[in-house]
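Dear colleague,

Please find below the structure that I am handing over to you. My notes on what was found in it follow directly after it.

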Amino acid sequence: MSALHIKKGSTSHSAYELRDPNGEIIEKHTLAVLVENEPGVLARVIGLFSGRGYNIESLTVAEVDHLGHRSRITIVTTGTPNVIEQIKAQLGRIVPVHEVHDLTVEGQSVERELAMFKVAGTGDKRIEALRLAEIFRANVVDSTLESFVFEMTGTSEKIDAFAELMRPLGLIEQARTGVAALSRGPK
Amino acid sequence: MTRQMTGADMVVQALKDQGVDTIFGYPGGAVLPVYDAIFQQNDIKHILVRHEQAAIHAAEAYARSTGKVGVALVTSGPGATNAVTGLTDALLDSIPIVVFSGQVPTFMIGTDGFQEADTIGITRPCTKHNWLVKDTNALAETIHQAFHVATSGRPGPVLIDLPKDVQFADGTYVGPQKARKSHYQPKLKADIEQINDLAALIEKAERPVFYTGGGVINSGPAASQLLRELVEATGFPITSTLMGLGAYPASGDKWLGMLGMHGLYEANMAMHGCDLMINIGARFDDRITGRLDAFSPGSIKAHIDIDPSSLNKVIQVDLPIVGDIAHVLEDLLKVWKSRGRKTKDISAWTKQIADWRAVRCLDYKNSETVIKPQYALQRFEELTKGMDRYITTEVGQHQMWAAQFLGFEDPNRWMTSGGLGTMGYGFPASIGVQVAHPDSLVVNVAGEASWLMNMQEMGTAIQYNLPVKQFILNNERLGMVRQWQQLLHGERYSNSWSDALPDFVKLAEAFGAKGIQCSDPKDLDDAIMEMINYDGPVIFDCLVEKHENCFPMIPSGKPHNEMLLGDASTEDAIKSDGAVLV
């Protein structure tokens, strides 16, 4: 059996199928993951995403049931529909994970993010920043003669919009929590 | 039962309560208290390996050949890092093992202490779950949970990291009955509507095939029994992955042989041409599917798996069923029978398969002067097939030839590294099997390169008088690498040979074992019998053809119906009509 004479660089050099990753629709989903609050559980979730090449757009985690030792991890992720399904199945397989909910498909949900912005400036820019903050219902939580720290809660899009407006007005630093989300309705 | 004892004693007590009688390990500073506890009892036998990787592989093979949990014990730092390959191997092949690793005392964790490593961090992605136990009072419960997690759902390796102060301290022991139940309870039974749907598909199929995998073996002997019943009742042909060999007997007339990259022509062609594929406990691995967009284009696909993440991971299937194989097959048989045991006439399909079989894809050009590796395995099969026999393998060409040429009549008789492809697996695996089955014939079909990766285990074999047979098909090459370089990399044989091999006969003798060398086909039968009949470990250095390639082969990026066949059968195939390929 002689050589197959396969062109250099051809995917036939690999036993793995080399696929075009841009060929499919990418969706954004918000997942709520209820986990046992034990050491390392966040590392397991993050390790799953990095190890299998999934995306994390944002991730928040906090204990939500002190007595029951439960934490809630809210993950905003992107991927093809198949990848999203795979992410949910893989999350469900982690031993300390109790529940996985895809808030994007399980009915309507509300999503909020908290952000803080430090805006420094004087004169017209300072006045304009304060005026826009009022429009956006951002609160002033710290002020000096040449700076404000605004605090606001809203959807990620609203916070993005506010950040864009503050940029030319002296935005020097911002901190964001990432998305927290709950499904709408009584259940 | 609750009582006070040290953490080290708890490890031993919990193992006894879990029904463990054998563990594989290697001592070191951070596990000395547990070793001290082992010294002071007689219920649990400890097998001292010569390298921690071997302890894990031995435990894996012990588990695979018995259906029980394999247990290993290693020290902190290098002991734990040496275990990583074995853990990953067990994860990819879904083998239930529990590994204990020593750790520096809790108050030293994070100080870069002597032989400290972040074992939990390192092993997190290569275990199903792992635990760092910081309180002796939590130890017993953690061990019981570890056994539960390792064996429930899709089995896998777990690790418990034991800081030395936790081993020394006293705490309250709880037995398995009293331990808190884990919330981890994977679903075993499938929805009955899905079973009904599958029965309906079976009734309509004209070109069906069962595609089975390691999940059948992992589900236990009942699953293999039910599978046989299902195959006989429906008359459908069946193929299996490397991991699933033995679930259906190789002598069965519905048996197509293994499928996949080096699978049989008839098996791969049946997969490509079927109209109903029933995947039972396999996972559409890339060595099975070949090119995805050309994988079995005309079939309805059903997939039964206990792990929901296996479903629709690689191949989108029409009927995904989550459940344990034995439970699902039992329900399926019941439902299908109650619907009237109907199948279509599949005789055209069986005729087609017979034609594919007639290609005789495993044919090779034999030689009177040189031992062909296929011939060596054919003779070995012929001389040992009736025996109480367990086979392990290393990884490479010899592994594929073993899968092609050896027949397995029962599950749990075939131990090979499937998912991870770990060279060095087979020798320690043969030790694990022989410990579990002291009176059986245990043979490691090896290549010389793989075998050298864990050859230190000769010491273990001798120390415990384990009569493992190392059947080395020696081509002085990394055969599979060489084959790929020949076919795909312009015959540039980069680093795929070794010109400094040991004299294996002298090596055997140096350890106190028996060495046999054979290079003449005429002497082969006698030499094999000499190996089998020798009461003790044997290294059999079988000098084989150096440039033999392993066929059939689905070249990379090709679909199932574009297999390469060896020279002998290609000539035949081209003469007959319906010739394919290359």
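The sulfur of B:Cys542 lies 5.7 Å from the closest cysteine sulfur, that of B:Cys518, which is too far for a bond. A disulfide is here a pair of cysteine sulfur atoms within 2.5 Å. B:Cys542 is buried, with a relative accessible area of 0%; buried means under 20% relative accessible area, exposed over 50%, and partly exposed in between (1.4 Å probe, protein chains only). B:Cys361 is likewise buried, at 3%, and its sulfur is 10 Å from the closest cysteine sulfur, in B:Cys550, again too far for a bond. Over all chains, the count of disulfides is zero. In general terms, a disulfide is a covalent bond between the sulfur atoms of two cysteines.

Please note that this is a predicted model, in which local features need pLDDT of at least 70 and side-chain atom pairs count only at pLDDT 80 or more, while totals for chains, interfaces and linings use all residues. Residues are numbered from 1 along each chain as its sequence is written, chains are lettered from A and ligands numbered from 1 in the order in which they are written, and side-chain values use heavy atoms, with hydrogens and water left out.

The domains of chain B come next. Chain B is divided into domain 1 (2–174), domain 2 (192–357) and domain 3 (373–543), with bounds that come from an automatic or database domain assignment. The centres of domain 1 and domain 3 of chain B, taken over C-alpha atoms, are 30 Å apart. In the contact between them (heavy atoms within 4.5 Å), 24 residues of domain 1 of chain B meet 27 residues of domain 3 of chain B. These two domains of chain B bury about 2000 Å² between them, and carbon and sulfur atoms give 60% of that area. Buried area is the accessible area (1.4 Å probe) that two parts lose on being put together, summed over both. On the side of domain 1 of chain B, 31% of the area buried against domain 3 is supplied by B:Arg50, B:Arg64 and B:Ser65, more than by any other three residues. Zero salt bridges are found across this interface of domain 1 and domain 3 of chain B; a salt bridge is a side-chain nitrogen of Lys or Arg within 4 Å of a carboxyl oxygen of Asp or Glu.

Chain A has been assigned domain 1 (23–102) and domain 2 (109–183). Their centres, taken over C-alpha atoms, are separated by 28 Å, and each of these domains of chain A gives seven residues to the contact. Domain 1 and domain 2 of chain A bury about 490 Å² between them, 48% of it on carbon and sulfur atoms. Within domain 1 of chain A, the residues that lose the most area to domain 2 are A:Thr30, A:Thr60 and A:Arg72, together 59% of what that side buries. Here too, the interface of domain 1 and domain 2 of chain A holds zero salt bridges.

How many salt bridges cross the interface of chain A and chain B? There is one across the interface of chain A and chain B, and a salt bridge joins the side chains of B:Asp307 and A:Arg93 (2.6 Å, N to O). The contact takes 26 residues from chain A and 35 residues from chain B. About 2600 Å² is buried between chain A and chain B, with carbon and sulfur atoms giving 54%.

Yours sincerely
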